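Visitor: Could you take me through one part of this model slowly, with the cut-offs spelled out as we go?

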Amino acid sequence: SYAIESIHLSCNYAYKDVVQNITLGDDYYFTRYPVVEKRLAQAGVRLALILNRIFDKKKADTMPLYVQ
C-alpha cells in the first residue's frame, strides 16, 4: 500500500506537466520538495514502527501495521 501511495503521488504530482527530454529547473524541484520532505518523514515513521514491532515483542500485537 505504501508503494501505491508513491505511484499515485508520482503520477499526479511529481511528473505532472513534465515534458520528456528536458532538463528540469529549480522551479520544478522547489515545487515538489514539500512532498519529498513529507514522504521521507513518513518513511522514517514507518521504518521506526516496523523496527519497534520486530524488537519489542511485548508490544508487537498492540502496534498498528499501517501508519498514514
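Guide: Helix H1 (2-14) is among what covers the buried residues of H2, with contact meaning heavy atoms within 4.5 Å. Helices here are DSSP runs (H or I, at least four residues), numbered from the N terminus. This is a predicted model, in which local features need pLDDT of at least 70, side-chain atom pairs count only at pLDDT 80 or more, and totals for chains, interfaces and linings use all residues. Residues are numbered from 1 along each chain as its sequence is written, and side-chain values use heavy atoms, leaving out hydrogens and water.

The buried residues of H2 are Tyr28, Arg32, Arg39, Gln42, Arg46 and Leu49; buried is under 20% relative accessible area, exposed over 50%, partly exposed in between (1.4 Å probe, protein chains only). Leu51, also in H2 (residues 26-55), counts as partly exposed because its relative accessibility is 36%.

Now for the charged side chains. Arg39 and Glu5 meet in a salt bridge at 2.7 Å, N to O (a side-chain nitrogen of Lys or Arg within 4 Å of a carboxyl oxygen of Asp or Glu). This pair links distant parts of the chain, with Arg39 in helix H2 and Glu5 in helix H1, 34 residues apart. Arg39 counts as buried because its relative accessibility is 19%, and Glu5 is buried with a relative accessible area of 19%. Glu5 also forms a salt bridge with Arg46, their closest N and O atoms being 3.0 Å apart. Arg46 lies in helix H2 and Glu5 in helix H1, so this pair ties together parts 41 residues apart in sequence. The count comes to two salt bridges, and Glu5, Arg39 and Arg46 are linked in a network of them.

Methods:
Helices (H or I, at least four residues) and strands (E, at least two) are DSSP runs, numbered from the N terminus.
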